[in-house]
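Work through the exercises below with the sequence and the model at hand. Each task is followed by a solution in steps.

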Amino acid sequence: MRKSHPVRRAVLAGAATVSGIVLLLSLKPASDPGSASAAGGAAPPVAAQSPQGGRGAGAGTVTGDAARTQYGPVQVRVTVSGGKITRAEAVQAPKGGQSDRVTADAVPKLNQAAVAAGNADIDAVSGATYTSAGYAKSLQSALDKAAAAAGSAGQESSGSEDGAGGSGAGQGTQVLTGDAAQTQYGPVQVRVTVSGGKITDVEALQAPKGGRSDQVTADAVPKLNRAAVAAGTADIDAVSGATYTSAGYTQSLQSALDRAGG
(Lines give C-alpha, C1' and ligand atoms only; values in the text may rest on other atoms or scores of the structure.)
Protein backbone atom coordinates (compact mmCIF):
# COMPACT_ATOMS: atom_id res chain seq x y z
CA MET A 1 0.00 0.00 0.00
CA ARG A 2 1.38 3.37 -1.06
CA LYS A 3 1.87 5.95 1.78
CA SER A 4 0.43 9.44 1.45
CA HIS A 5 2.93 12.15 0.98
CA PRO A 6 3.25 14.43 4.06
CA VAL A 7 2.85 17.62 2.00
CA ARG A 8 -0.31 16.28 0.37
CA ARG A 9 -1.82 15.49 3.77
CA ALA A 10 -1.15 19.02 4.96
CA VAL A 11 -2.80 20.54 1.89
CA LEU A 12 -5.90 18.37 2.31
CA ALA A 13 -6.20 19.23 6.01
CA GLY A 14 -5.93 22.97 5.30
CA ALA A 15 -8.60 22.75 2.61
CA ALA A 16 -10.93 20.94 5.00
CA THR A 17 -10.42 23.60 7.66
CA VAL A 18 -11.20 26.44 5.23
CA SER A 19 -14.33 24.62 4.00
CA GLY A 20 -15.55 24.20 7.58
CA ILE A 21 -15.10 27.90 8.35
CA VAL A 22 -16.99 28.90 5.19
CA LEU A 23 -19.81 26.52 6.09
CA LEU A 24 -20.15 27.93 9.62
CA LEU A 25 -20.26 31.49 8.32
CA SER A 26 -22.96 30.62 5.84
CA LEU A 27 -25.13 29.23 8.67
CA LYS A 28 -25.05 32.52 10.76
CA PRO A 29 -28.59 34.01 10.96
CA ALA A 30 -29.26 37.22 9.06
CA SER A 31 -29.36 40.48 11.02
CA ASP A 32 -32.90 41.42 12.37
CA PRO A 33 -33.86 45.06 12.08
CA GLY A 34 -35.24 44.88 15.60
CA SER A 35 -32.18 43.30 17.10
CA ALA A 36 -30.70 46.62 18.16
CA SER A 37 -33.75 47.36 20.28
CA ALA A 38 -33.78 43.84 21.66
CA ALA A 39 -30.17 44.08 22.67
CA GLY A 40 -30.79 47.20 24.69
CA GLY A 41 -34.18 46.17 26.08
CA ALA A 42 -37.66 46.98 24.87
CA ALA A 43 -38.13 50.21 22.90
CA PRO A 44 -39.66 53.02 25.03
CA PRO A 45 -43.40 53.42 24.51
CA VAL A 46 -44.63 56.49 22.64
CA ALA A 47 -46.21 58.89 25.10
CA ALA A 48 -49.89 59.40 24.43
CA GLN A 49 -50.69 63.05 23.89
CA SER A 50 -53.75 64.38 25.65
CA PRO A 51 -56.05 66.28 23.29
CA GLN A 52 -55.98 70.05 23.45
CA GLY A 53 -58.56 71.37 25.80
CA GLY A 54 -59.48 67.90 26.91
CA ARG A 55 -58.05 68.26 30.37
CA GLY A 56 -60.99 66.75 32.21
CA ALA A 57 -63.26 69.57 31.12
CA GLY A 58 -66.32 68.62 33.22
CA ALA A 59 -69.67 69.57 31.75
CA GLY A 60 -71.50 72.69 30.62
CA THR A 61 -71.80 75.18 27.79
CA VAL A 62 -68.97 77.67 27.45
CA THR A 63 -68.30 80.43 24.93
CA GLY A 64 -64.74 81.05 23.83
CA ASP A 65 -63.13 84.42 23.31
CA ALA A 66 -63.78 86.09 19.96
CA ALA A 67 -60.79 85.52 17.68
CA ARG A 68 -60.04 88.38 15.29
CA THR A 69 -59.34 87.43 11.69
CA GLN A 70 -58.67 89.33 8.49
CA TYR A 71 -62.33 89.03 7.53
CA GLY A 72 -63.99 89.51 10.91
CA PRO A 73 -64.30 87.90 14.36
CA VAL A 74 -64.94 84.21 14.94
CA GLN A 75 -66.40 83.06 18.24
CA VAL A 76 -67.26 79.51 19.22
CA ARG A 77 -69.58 78.13 21.85
CA VAL A 78 -69.03 74.54 22.95
CA THR A 79 -71.03 72.11 25.03
CA VAL A 80 -68.96 69.65 27.05
CA SER A 81 -70.34 66.59 28.81
CA GLY A 82 -68.31 63.94 30.56
CA GLY A 83 -65.11 65.58 29.35
CA LYS A 84 -66.21 65.28 25.70
CA ILE A 85 -67.40 67.86 23.20
CA THR A 86 -71.03 67.10 22.40
CA ARG A 87 -71.82 70.24 20.44
CA ALA A 88 -69.95 73.14 18.87
CA GLU A 89 -71.32 76.18 17.10
CA ALA A 90 -70.07 79.52 15.87
CA VAL A 91 -71.90 82.44 17.45
CA GLN A 92 -69.82 84.86 15.36
CA ALA A 93 -68.24 84.38 11.94
CA PRO A 94 -67.14 86.59 9.02
CA LYS A 95 -70.09 88.06 7.13
CA GLY A 96 -70.84 90.23 4.15
CA GLY A 97 -70.14 89.65 0.46
CA GLN A 98 -68.10 86.54 -0.30
CA SER A 99 -67.70 85.85 3.43
CA ASP A 100 -71.35 84.83 3.68
CA ARG A 101 -70.84 81.94 1.27
CA VAL A 102 -67.53 80.90 2.83
CA THR A 103 -68.99 80.96 6.34
CA ALA A 104 -72.08 79.00 5.31
CA ASP A 105 -69.87 76.30 3.83
CA ALA A 106 -67.04 76.19 6.40
CA VAL A 107 -68.73 76.59 9.79
CA PRO A 108 -70.88 73.42 9.68
CA LYS A 109 -67.79 71.43 8.69
CA LEU A 110 -65.76 72.97 11.52
CA ASN A 111 -68.54 72.23 14.00
CA GLN A 112 -68.59 68.58 12.96
CA ALA A 113 -64.80 68.36 13.05
CA ALA A 114 -64.66 69.77 16.60
CA VAL A 115 -67.15 67.21 17.90
CA ALA A 116 -65.41 64.37 16.06
CA ALA A 117 -61.91 65.36 17.24
CA GLY A 118 -62.92 66.20 20.79
CA ASN A 119 -60.39 69.05 20.85
CA ALA A 120 -59.25 72.13 18.93
CA ASP A 121 -56.72 70.25 16.80
CA ILE A 122 -58.84 70.25 13.64
CA ASP A 123 -57.95 70.69 9.98
CA ALA A 124 -58.71 73.94 8.20
CA VAL A 125 -61.53 73.90 5.68
CA SER A 126 -60.31 74.46 2.14
CA GLY A 127 -60.99 78.03 1.04
CA ALA A 128 -61.61 79.21 4.61
CA THR A 129 -58.14 79.35 6.11
CA TYR A 130 -58.62 82.49 8.20
CA THR A 131 -62.06 81.44 9.46
CA SER A 132 -60.72 77.99 10.34
CA ALA A 133 -57.79 79.45 12.28
CA GLY A 134 -60.06 81.82 14.20
CA TYR A 135 -62.51 79.00 14.90
CA ALA A 136 -59.79 76.75 16.33
CA LYS A 137 -58.44 79.59 18.48
CA SER A 138 -61.84 80.46 19.95
CA LEU A 139 -62.67 76.78 20.42
CA GLN A 140 -59.46 76.27 22.39
CA SER A 141 -60.24 79.21 24.66
CA ALA A 142 -63.70 77.74 25.31
CA LEU A 143 -62.19 74.39 26.20
CA ASP A 144 -59.69 76.10 28.49
CA LYS A 145 -62.55 77.88 30.27
CA ALA A 146 -64.46 74.62 30.61
CA ALA A 147 -61.41 72.94 32.11
CA ALA A 148 -60.87 75.84 34.52
CA ALA A 149 -64.53 75.78 35.55
CA ALA A 150 -64.36 72.05 36.17
CA GLY A 151 -61.29 72.54 38.35
CA SER A 152 -62.98 75.30 40.35
CA ALA A 153 -66.08 73.18 40.83
CA GLY A 154 -63.94 70.35 42.13
CA GLN A 155 -62.26 72.63 44.65
CA GLU A 156 -65.57 74.05 45.85
CA SER A 157 -67.16 70.62 46.25
CA SER A 158 -64.25 69.47 48.41
CA GLY A 159 -64.72 72.38 50.83
CA SER A 160 -67.11 72.54 53.77
CA GLU A 161 -70.76 73.39 53.13
CA ASP A 162 -72.33 76.43 54.71
CA GLY A 163 -75.86 76.67 56.01
CA ALA A 164 -77.09 78.54 52.94
CA GLY A 165 -77.06 75.37 50.85
CA GLY A 166 -75.66 77.24 47.83
CA SER A 167 -78.77 79.31 47.22
CA GLY A 168 -77.84 82.34 45.15
CA ALA A 169 -75.01 84.30 46.70
CA GLY A 170 -73.05 81.20 47.71
CA GLN A 171 -72.60 80.05 44.11
CA GLY A 172 -69.59 82.21 43.27
CA THR A 173 -69.28 83.37 39.66
CA GLN A 174 -71.32 81.83 36.88
CA VAL A 175 -71.24 82.53 33.14
CA LEU A 176 -74.39 81.37 31.44
CA THR A 177 -75.72 81.60 27.92
CA GLY A 178 -79.42 82.13 27.36
CA ASP A 179 -81.53 80.51 24.67
CA ALA A 180 -81.55 82.23 21.28
CA ALA A 181 -84.75 84.26 20.98
CA GLN A 182 -86.11 84.47 17.46
CA THR A 183 -87.30 87.92 16.35
CA GLN A 184 -88.71 89.37 13.15
CA TYR A 185 -85.23 90.58 12.20
CA GLY A 186 -83.12 87.68 13.40
CA PRO A 187 -82.09 85.81 16.58
CA VAL A 188 -80.95 87.49 19.76
CA GLN A 189 -78.86 85.58 22.28
CA VAL A 190 -77.38 86.82 25.52
CA ARG A 191 -74.58 85.63 27.77
CA VAL A 192 -74.62 86.83 31.37
CA THR A 193 -72.06 86.75 34.17
CA VAL A 194 -73.49 86.43 37.66
CA SER A 195 -71.29 86.90 40.72
CA GLY A 196 -72.51 86.86 44.30
CA GLY A 197 -76.08 86.70 43.08
CA LYS A 198 -75.72 89.88 40.99
CA ILE A 199 -75.36 90.49 37.26
CA THR A 200 -71.87 91.82 36.67
CA ASP A 201 -71.64 91.60 32.88
CA VAL A 202 -73.92 90.95 29.91
CA GLU A 203 -73.15 90.63 26.22
CA ALA A 204 -75.14 89.78 23.12
CA LEU A 205 -73.70 86.79 21.28
CA GLN A 206 -76.26 87.09 18.51
CA ALA A 207 -78.27 90.09 17.33
CA PRO A 208 -80.04 91.13 14.11
CA LYS A 209 -77.62 92.00 11.34
CA GLY A 210 -77.58 93.16 7.76
CA GLY A 211 -78.79 96.45 6.30
CA ARG A 212 -80.40 98.79 8.79
CA SER A 213 -80.25 96.12 11.50
CA ASP A 214 -76.50 96.68 11.83
CA GLN A 215 -77.06 100.29 12.92
CA VAL A 216 -79.95 99.41 15.23
CA THR A 217 -77.97 96.62 16.88
CA ALA A 218 -74.87 98.78 17.32
CA ASP A 219 -76.97 101.42 19.08
CA ALA A 220 -79.31 99.22 21.11
CA VAL A 221 -77.18 96.35 22.41
CA PRO A 222 -74.73 98.43 24.51
CA LYS A 223 -77.70 100.20 26.11
CA LEU A 224 -79.42 96.90 26.85
CA ASN A 225 -76.22 95.51 28.37
CA ARG A 226 -75.89 98.47 30.72
CA ALA A 227 -79.56 98.33 31.63
CA ALA A 228 -79.36 94.64 32.52
CA VAL A 229 -76.38 95.18 34.83
CA ALA A 230 -78.03 98.19 36.46
CA ALA A 231 -81.39 96.45 36.98
CA GLY A 232 -79.94 93.12 38.02
CA THR A 233 -82.86 91.38 36.32
CA ALA A 234 -84.39 90.94 32.86
CA ASP A 235 -87.04 93.55 33.69
CA ILE A 236 -85.55 96.33 31.57
CA ASP A 237 -87.07 98.92 29.25
CA ALA A 238 -86.95 98.50 25.49
CA VAL A 239 -84.60 100.75 23.57
CA SER A 240 -86.43 103.22 21.35
CA GLY A 241 -86.32 102.12 17.73
CA ALA A 242 -85.26 98.57 18.66
CA THR A 243 -88.44 97.04 20.01
CA TYR A 244 -87.97 93.57 18.55
CA THR A 245 -84.29 93.39 19.47
CA SER A 246 -85.09 94.55 23.00
CA ALA A 247 -87.82 91.94 23.41
CA GLY A 248 -85.54 89.16 22.16
CA TYR A 249 -82.74 90.41 24.41
CA THR A 250 -84.85 90.28 27.57
CA GLN A 251 -86.22 86.86 26.64
CA SER A 252 -82.75 85.38 26.19
CA LEU A 253 -81.47 87.17 29.30
CA GLN A 254 -84.29 85.73 31.39
CA SER A 255 -83.52 82.18 30.20
CA ALA A 256 -79.87 82.68 31.20
CA LEU A 257 -80.89 83.95 34.65
CA ASP A 258 -83.24 81.01 35.07
CA ARG A 259 -80.27 78.71 34.61
CA ALA A 260 -78.37 80.66 37.23
CA GLY A 261 -81.19 80.05 39.68
CA GLY A 262 -82.93 83.41 39.22
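**Exercise 1.** Decide whether Tyr 185 is buried, partly exposed or exposed.

*Solution.* Buried means under 20% relative accessible area, exposed over 50%, and partly exposed in between (1.4 Å probe, protein chains only). Tyr 185 has a relative accessibility of 48%, so the residue counts as partly exposed. Tyr 244, at 42%, is partly exposed.

The model is predicted: local features need pLDDT of at least 70, side-chain atom pairs count only at pLDDT 80 or more, and totals for chains, interfaces and linings use all residues. Residues are numbered from 1 along each chain as its sequence is written, and side-chain values use heavy atoms, with hydrogens and water left out.

**Exercise 2.** Classify the ring pair Tyr 185 and Tyr 244, and state which parts of the chain the pair ties together.

*Solution.* Step 1: rings of Phe, Tyr and Trp (its six-membered ring) pair if their centres lie within 6.5 Å; planes under 30 degrees apart count as stacked, over 60 as edge-to-face and the rest as tilted. Step 2: the ring centres of Tyr 185 and Tyr 244 are 5.5 Å apart and the planes stand at 70°, so this pair is edge-to-face. Step 3: Tyr 185 sits in the loop between strand 5 (181-183) and strand 6 (186-195), and Tyr 244 in helix 6 (residues 243-259), so the pair links parts 59 residues apart in sequence. Helices (H or I, at least four residues) and strands (E, at least two) are DSSP runs, numbered from the N terminus.

**Exercise 3.** How many aromatic pairs does a search of the whole structure find?

*Solution.* The search finds two. One of them joins Tyr 71 and Tyr 130, with centres 5.6 Å apart and planes at 70°, so the pair is edge-to-face.
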